[in-house]
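Hello,

Here is the structure I promised to pass on. Please open it first, then read the notes below.

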Amino acid sequence: MSRYICPVKAAFRQQAKIRLQFVRSFTGEFQSRLLMTAMGSDQLKRTESYVINHTRRIPPDERQQPARRQPCHERLPRGGRQNPGIEVPMKRLEVREVLEPRPISPPPQSSNELAMAAEPPKQPPPPAPPKDSKLPAVRSGGGGAGAASGSAGKGSGGSGSGGQGSAGSGAGGKGGHGNVKPIAVTLMPGDGIGPEISLAVLQILKAVNAPLLFEPVDVTPVINEKGIQTVPQAVIDSMQRTKLGLKGPLMTPVGTGFRSLNLILRVLFNLYANVRPCRSLAGVETVYGKVDVITIRENTEGEYSGIEHQLVNGVVQSIKLITRPATLRVAEYCFQYAIAMKRKKITAVHKRSSMRMSDGLFINSVREVAEKYKDQLKSSGIIYEEQAINEVCLKIVANPTQYDVLVMPNLYGDILSDTCAGLIGGLGLTPSGNIGTDGAIFEAVHGTAPNIAGQDMANPTALLLSAAMLLRYINMGNYADKIEAAVVKTIKVDNVRTMDLGGKAKCSEYTQAVIKNLG
């Protein structure tokens with residue numbers, strides 16, 4: 001009997017299983033259609049939260065390689081590959097800045113008087129500056145101008161003692177004697193006290209018979225046809241022709257939408273290295289005694305790249321740009337400079353602990369160059385080290401003699417260079433040079449001081465020492481030695497000082513005192 005019942009039970013179980021599968025499939029289909037209908041009619045209100053299971057992201061470390069986007073060589077239209085044979089051009093977006101016209105103080109003299117202040121007039125168009133003089137922007141401490149001139153491969157007397165800098169100028173400084181064609185220099189007087197200190201410097205250069213011919217230009221910002229702020233075309237044409245520039249202070253109003261004119265000039269002419277020697281000037285007493293620190297900073301990238309935008313109302317994003325080619329370029333200049341100037345130590349400044357990728361790329365690139373010059377550094381007795389920016393700021397105000405040459409990104413260099421200027425008496429005594437691939441601009445880094453503009457109270461020392469850097473840059477170190485010796489004698493011996501140095505002399509009186517001591 002059981003053999004007849006067992007097949008019946010098996011048939012019932014099979015039917016029940018089929019019905020259960022049907023009910024499940026029907027229920028699932030019904031629920032899915034009901035859900036789609038409810039979502040289409042906005043009647044479904046989702047209250048439960050969905051849990052998405054995913055793998056935990058591993059935090060980055062120094063060994064992890066950053067993700068790299070593969071280049072796309074074919075531009076596809078939206079919606080997929082519709083016309084594979086037609087290339088769709090890429091649209092470039094431009095950011096238009098809303099700018100206001102910048103007022104500029106009229107110079108006390110006309111442009112013709114500024115041009116006539118430098119001799120000789122009515123000369124044929126001068127040649128471009130020599131291309132083999134890219135390094136000597138600042139003389140070394142013991143060799144006078146000869147160390148600067150000799151480093152370019154043209155001087156043989158650069159081993160003179162510190163007290164005989166003029167005698168040690170070597171063959172590299174002979175370019176100033178005899179019949180020499182004048183070298184053209186673009187003059188940007190600037191704003192505020194810029195025109196009057198520029199005129200004072202031109203008078204001193206004329207008194208020392210420096211073979212320079214200046215072309216004064218106005219750097220008032222303009223808006224080009226694309227709506228972007230830039231400098232006038234006359235400035236660009238003059239710099240492309242002369243490859244040299246001497247610039248007074250430029251005004252950049254804060255909070256009015258202006259982009260820094262100094263930054264525009266650096267990017268426009270690719271002035272990648274800013275060299276600022278912070279050296280104590282004899283006769284100017286400070287609590288730190290003798291200070292001799294050279295700051296070299298990358299000049300075109302970092303936080304000063306100008307890449308800023310507003311995400312939402314009240315949230316602004318600024319991008320710090322660091323690239324390997326730009327870092328290698330400024331590091332190459334720094335190491336070549338230190339070797340040529342016979343310095344003792346190179347310190348690379350960074351903040352890699354907080355900005356691993358940007359400052360990490362910077363310090364790794366500097367290490368590559370340090371490895372390249374390892375043998376030359378060893379033979380020259382130069383030490384290479386790395387320190388964080390906060391550590392350098394702490395130690396340099398306590399004992400600046402423990403540093404020699406500092407190389408760093410843009411923002412760190414701006415902070416540290418002004419800090420070092422404070423150690424020697426202020427920005428009014430600090431020269432500066434911006435070295436580029438196709439030229440250089442030497443400038444006074446202090447402000448425009450509009451409160452004393454036109455009152456004959458400004459101090460022209462910073463721009464004058466920057467002009468001395470320019471002379472060494474073009475292998476005319478003998479003129480630079482005479483100017484620096486006259487400045488030291490004016491301040492230390494004659495005690496003729498402007499108000500910012502604790503004296504009462506006017507700008508014109510200080511200028512005449514320097515001219516008197518040139519002999």
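**Glu301 and its surroundings**

Start at Glu301. Leaving aside residues up to four places away in sequence, Glu301 touches Leu321, Ile322, Thr323, Ala326 and Asn410. Keep in mind that this is a predicted model.

Where does Glu301 lie? It is in the loop between strand E7 (292-298) and strand E8 (308-312).

Glu301 is buried, yet it has no salt bridge. Arg329 is the nearest side chain of opposite charge, and it is 6.2 Å away. A salt bridge needs the side-chain nitrogen within 4 Å of a carboxyl oxygen. What Glu301 does have is a polar contact with Thr323: their side chains are joined at 2.3 Å. Thr323 is also on the list of residues that Glu301 touches.

**Strand E13**

Next, look at strand E13, residues 431-435. Five of its five residues are buried, so the strand is largely enclosed by the rest of the structure. Both faces are covered. Pro431, Gly433 and Ile435 are on one side. Ser432 and Asn434 are on the other.

Which strands pair with E13? Strand E6 (residues 273-279) runs antiparallel to it, joined by three bridges. There, Ala273 has Ile435 as its bridge partner. Strand E14 (residues 440-444) also pairs with E13 in the antiparallel sense, over five bridges. In that pairing, Gly433 stands opposite Phe442. E13 and E14 form a hairpin, with four residues between them.

**The chain as a whole**

The chain has 519 residues, and 44% of them are buried. Its secondary structure comes to 14 helices and 14 strands. Take contacts between residues at least 6 apart in sequence: 72% of these join residues at least 24 apart.

**Confidence**

The average pLDDT of the chain is 77, and 67% of the residues score at least 70. Confidence is highest in strand E12 (residues 405-408), at a mean of 97. It is lowest in helix H3 (residues 144-151), at a mean of 37.

Two stretches need a flag. Over residues 113-136 the pLDDT is below 50, and the model gives this stretch 54 contacts beyond near neighbours in sequence. Over residues 138-177 the pLDDT stays under 50 as well. For residues 138-177 the model has 84 contacts beyond four places in sequence.

Best wishes

Conventions: Residues are numbered from 1 along each chain as its sequence is written. This is a predicted model: local features need pLDDT of at least 70, side-chain atom pairs count only at pLDDT 80 or more; totals for chains, interfaces and linings use all residues. Side-chain values use heavy atoms; hydrogens and water are left out. pLDDT is the predictor's confidence in each residue, from 0 to 100. Helices (H or I, at least four residues) and strands (E, at least two) are DSSP runs, numbered from the N terminus. Contact means heavy atoms within 4.5 Å. Buried means under 20% relative accessible area, exposed over 50%, partly exposed in between (1.4 Å probe, protein chains only). Lys and Arg count as positive and Asp and Glu as negative; His and the chain ends are not counted. A polar contact is a pair of N or O atoms within 3.5 Å; within protein, one must be able to donate a hydrogen and the other to accept it, and residues adjacent in sequence count only if both atoms are side-chain atoms. Two strands pair if DSSP finds at least two bridges between them.
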